[in-house]
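Dear colleague,

Please find below the structure that I am handing over to you.

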Amino acid sequence: MVPEMESITMVTIQEKGIDSVVDWFDRHKQSFYALGWFYLHNQQQMEELFYRSIIKVHKELSHYKRDTSFELWVTSVFIDNCRELSQEKGRQAQEEMTPHKNLFKALNQLEDNEKEAMILTYGAGFSQEDAAHILRVSVGKLKEFLFSGVMSVRKQLDGANYNGCNEFQNSYIDYLQKTMERPKKIEFEMHIYNCRECQEDLAAFQDVTFMLNHAEWMSDLPVHEHLIENIKERLTEKERAWQKKRKKIKRMALIFASVFAFVIGLGFFTGVFANVYYAWTEEDEQLRTFLQNDLGQRLNLEAESYGVNIKIRGVVADDYQTLVFYEIEDTNEDKQYVMFLEDGVFIENENDLMKHETYPRYYPPDLKAKMNKKEKNVYYGVIGLRPIEENSGVLKLNITRLQELALDGQEASWGFGYRSNGLKTGDWKFEVPVTKQPSVIYELNEQAKIEGVPILLDKLIVAPTATLLEYGLPMGEIEKRIDRIQFGHLEVNNVKMKPDHFGGFNYLQPEANWHKYQMYYDPLFEEEPKDITVQFESAYFSFDDKKKYRTRSKPVISSDV
């Protein structure tokens, strides 16, 4: 049965801090140790599991809602860590630490959903409702997992199958737990009385559930002798490192304060305050450039979930896109995470606030940036969103999933270094104020030719977040036509800008016998363009080659033999 678990009050937390959480886990370590053993099978990993769970419970305690019991909430946190660790480390060789080897082996052969349902319901003694709440499934689905799990365990232990009537098998659990309504119970008992196969099935089902409900198989698992002591030592070392870092930050703050007054004065007389200030205070290189050119807004929005802290550092918006600059810090481990639009990131008020005729541009992770090489648990990134309709608004940004980046020595599943099975779920919400910056359009009205086919270089659009070249390809029936152009650098006033090959390409409405397109380049932080050079790298052509073919047919002669 579930042990009597008293909750931790906020008064206790204020008095003892994380030690109160450690003490609570120490009192209930046996049941949690057995629960975690089914995922990890390794003593060293079990210590890491308890360490992470203690930290997460302490950090998330302020989010604990009193509408569920404390033990349910802690168990949910604990199982989330079990799943995460088992995915990270992979299946380890199981250490034989229990006299109930056959039962443990049978349970470990189950599907994860079946095993979790069996352990929580029969091993830990949670009710079906509580077990379903922890696993985030319905009670009906939980019963399905329990039934299939019991069937599998029985088959592994004695090699027998269930041969009873299918329409009554799903009633075994409710009948044995005495939760079946009386009319249905009477009907079930009448059937059992007359059906020998169902009698044998029910008896075997009862034997397995009785064996699983027996508490010894959970309590007999020996807990590592120095489990809690080792965790306390790690927490003490973590606190020492944090104190050292805090002292360093204070020293840097004093130095900054003494120089800051000088910078302020320098700015008044020379006008270089923005450049110097942001060079010192903004670590994100791309965002720093926008701020130094008085484009965009600097923000300091923050949200934390399951040990991962996300900061929205700034936003830059124009008529073509909205860029949100962020920082993600994993406070528990040395992991770096990135976010992707429509894969765990969505705008709650997108339909009301943003334009729909454009599609957000893709910004791949910048793994070579200096700021992303400084710390293994912090990543600075940018995500592109649709432009807003009005001049200003507030984005309701919701984030529920992050993708882990592969560090050195880790296997990457995709080309840009994303770690396989490296997903982090949570709940991060922000309200991001956005002010749209104006763009400047320069009419070009020039034509170039590739293999005799004309190309219209129509406009150059200088927006805060990008430089856009608007061009056209001829419409109509022509023998040779350009299907696609691969652009090289765009040079403006002797400044070269790279093309965006990751989605920086828009179709426009046809105009005056021209198919119109837009090509995106890096932002241009210059005054009025005077000298413009467009580089073409390659072009793909189609040809109309009309030919006539004359065919001859021979008569087919057939005969019956």
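Confidence

Please bear in mind that this is a predicted model. The mean pLDDT of the protein chain is 78, and 78% of the residues reach at least 70. Among the elements of the chain, strand β3 (residues 322-330) has the highest mean pLDDT, at 94, whereas helix α16 (residues 273-281) has the lowest, at 52. Residues 1-5 stay under 50 in pLDDT, and the model gives this stretch 13 contacts beyond four places in sequence. Where pLDDT is low, the predicted coordinates should not be read in detail.

The four-stranded sheet

Strand β3 belongs to an open sheet of 4 strands in the order β1-β2-β3-β6, with antiparallel pairing. The edges are formed by β1 (297-305) and β6 (378-385), each of which pairs on one side only. From one strand to the next, the twist averages 20°. Strands β3 and β6 run antiparallel and are joined by 8 bridges; V324 has I383 in β6 as its bridge partner. Helix α17 (residues 285-292) lies across β1, β2 (308-317), β3 and β6, and the helix runs at about 140° to β3.

The three-stranded sheet

A further open sheet consists of 3 strands, ordered β13-β12-β16, and its pairing is antiparallel. Strands β13 (495-497) and β16 (532-543) each have a single partner strand, so one side of each is left without a neighbour in the sheet. The twist in this sheet averages 30° from one strand to the next. Strand β12 (residues 480-492) runs antiparallel to β16, and 10 bridges join the two. Within the sheet, E491 stands opposite T533 in β16.

Helices α2 and α4

Helix α2 (residues 18-27) packs with helix α4 (residues 43-60) at an angle of about 130°, and their axes are 9 Å apart. An angle over 145 degrees would count as roughly antiparallel, and one of 65 to 115 as roughly perpendicular; α2 and α4 are therefore oblique to each other. The crossing of α2 past α4 is right-handed. On the α2 side, the contact is made by I18, V21, V22 and F25; on the α4 side, F50, S53, I54, I55, V57 and H58 take part. By class, the residues of this contact are 8 nonpolar, 2 polar and no charged.

Helices α3 and α7

Helix α3 (residues 29-40) and helix α7 (residues 112-123) pack at about 165°, with 11 Å between their axes. Since angles over 145 degrees count as roughly antiparallel, α3 and α7 are therefore roughly antiparallel to each other. Helix α3 also passes α7 in a right-handed crossing. L35, F38 and Y39 in α3 meet K115, E116, I119 and L120 in α7. This contact comprises 5 nonpolar residues, no polar residues and 2 charged residues.

In working with the model, I would ask you to keep the confidence values beside the geometry.

With kind regards

How values were computed. Residues numbered from 1 in each chain as written. Predicted model: local features only at pLDDT ≥ 70, side-chain atom pairs only at ≥ 80, totals over all residues. Heavy atoms only, no water. Pairing = 2+ DSSP bridges. Axes fitted to C-alpha atoms, helices over the stretch in contact; angles between N-to-C directions. Parallel < 35°, antiparallel > 145°, perpendicular 65-115°, else oblique. Left-handed = near helix turned anticlockwise from the far one by under 90°. Contact = heavy atoms within 4.5 Å. Nonpolar A, V, L, I, M, F, W, Y, C, P; charged D, E, K, R; others polar. pLDDT = per-residue confidence, 0-100.
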